[in-house]
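Subject: Structure handover and notes

Hello,

I am passing on a structure for you to look through, and my notes on it follow below. Please keep it open beside this email as you read.

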Amino acid sequence: MRRLLRWAFALLFVLHDAGSSSLMEFENNNAFAPVCKRNNTNDNVIQDLIQWIRGNGGIVHDERQAFRGRNNNNAAYATAFIPAGTVLLSVPWNLIVEGKRGDYCDLVKRVHQELAKNEHDKSDYGPYMHYLESEMAMMMDQQDVNDESWSTRCSNSLVSDELKKVALLVTRYSRSAYGWYEMIPVRDFYEERPPQEANTRLMEDENDEITTLIASRDIEAEESIVSSTVPDAWWTWRRIEMKKYLDCKSVNQATRPIHSHETWVHLRRLYRQTVGLEQSTISSNDTLDGFDGVPIQAAYSPGKGRGIFATGNIKKDTRVWTLMHQSARFPDGASYRKFLASVPPDMACDLLKFGYIEDMGEEGQPDLALRVDLDEASYTNTAGWDDDVEANIGCPLELEGSDDCEFNEYALRDIFAGEEIYSNYIDFALPEAWEHFGL
């Protein structure tokens, strides 16, 4: 059952662009032998991969499904009517590549080793390694090997460019749940969406040795074949249950990266897609952030993890941060859950930590807002970690009760270069209000 859960949960950034990375079309030639037409990928590579899975007791049903590109993403589509219950894909677990205890960094090293063995035809995953080699070659034409979204995940232990390239490959093609990462042949072709949008479901045999993807309902010709990114229970879980599922305790024990500007921009785009442009509360100008030119930088704070530090002197009463630019408000718990389901597990843990609820209403007329600040303000630590630490940004006495303090935080005193910025969460965050959103 653990393996089923691990496979069921896959939260990934899309790390490839349009163009040469897109699949063209697998053409059904009235047999169980599709023809793969992919830019820079030899048809025989895909054919060998499918035959390898079948030869080892697996199933790839391509009589009524085809693998091709649409909107520049890998995808599987029905080429004819597929009745509910049809087995679409079945992969034995001995064909799935895993690291020790499902560790991401160990998986990177394992795939690197298997790719090296494959040069001498000694890898037990030969056809899968051939496929990954062709994919990696295309990705390297598009992706900077120093991309922050994966290069920092192993505490910068991936020192060679070759290992970094493999890490990019693993980030794109691995699947994860409970922090357990694995590489599943052919699995990357199936688009992943929330369970209510899926038309497939996963099943396991009684010995937990093979996992099968079947049609959960009738699938019409030309319809996308969609798997579920998260278990059905995700949409009713509270934060504590999501954290347990994501294994956030282990994630947070490791050194978390300071995200790049590109990562924040990507999160903002996912937020807009989640709630829609009409309900989005963030700026469409991704060059803006809430600090709006105030001299700050994100860095590591001893004993606290990430923090925000002044890089220049900030005078008392200066507006240090505003939520008017990149503070994402979610209309309900469902949209927050959907947003979390669109990112990798470790990033979802970050977003669960960054989220807070505040009351934006007038006295006697509460207006609870579920927010995540999609800029470096999310790294701001709260006063109270140490007895001698006091907040140096917040609402000045003369502005208390004004609308201004609902949207902005000001320097409560002169702040000098090198000082850490502290807010006081108790001034605005309402931890008991998560119940209002079912979280």
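Ser327 has Asp373 as its bridge partner, and Asp373 belongs to strand 19. Please bear in mind throughout that this is a predicted model. Strand 17 and strand 19 (residues 368-373) run antiparallel and are joined by 4 bridges. They belong to an open sheet of 3 strands, ordered 17-19-18, in which the pairing is antiparallel. Strand 17 (327-330) and strand 18 (356-359) each have a single partner strand and stand at the edges, so one side of each has no neighbour in the sheet. From one strand to the next, the twist averages 40 degrees. As background, the strands of a sheet pair through backbone hydrogen bonds, and this pairing can be either parallel or antiparallel.

The next point concerns the cysteines. The count comes to 1 disulfide, and this disulfide joins Cys248 to Cys349, with an S to S distance of 2.1 Å. Because Cys248 lies in helix 8 and Cys349 in helix 11, the pair ties together parts that are 101 residues apart in sequence. The torsion about the S-S bond of Cys248 and Cys349 is about -90 degrees, and the disulfide is therefore left-handed. Both Cys248 and Cys349 are buried.

Finally, Thr255 sits in the loop between helix 8 (248-253) and helix 9 (261-275). Is Thr255 buried or exposed? Its relative accessibility is 54%, and because a residue counts as exposed over 50%, Thr255 counts as exposed. Thr255 and Arg306 are 51 residues apart in sequence, while the distance between them in space is 8.9 Å, C-alpha to C-alpha.

Best wishes

How values were computed. Residues are numbered from 1 along each chain as its sequence is written. This is a predicted model: local features need pLDDT of at least 70, side-chain atom pairs count only at pLDDT 80 or more; totals for chains, interfaces and linings use all residues. Side-chain values use heavy atoms; hydrogens and water are left out. Two strands pair if DSSP finds at least two bridges between them. Helices (H or I, at least four residues) and strands (E, at least two) are DSSP runs, numbered from the N terminus. Axes are lines fitted to C-alpha atoms, for helices over the stretch in contact, and angles run from 0 to 180 degrees between N-to-C directions. Buried means under 20% relative accessible area, exposed over 50%, partly exposed in between (1.4 Å probe, protein chains only). A disulfide is a pair of cysteine sulfur atoms within 2.5 Å.
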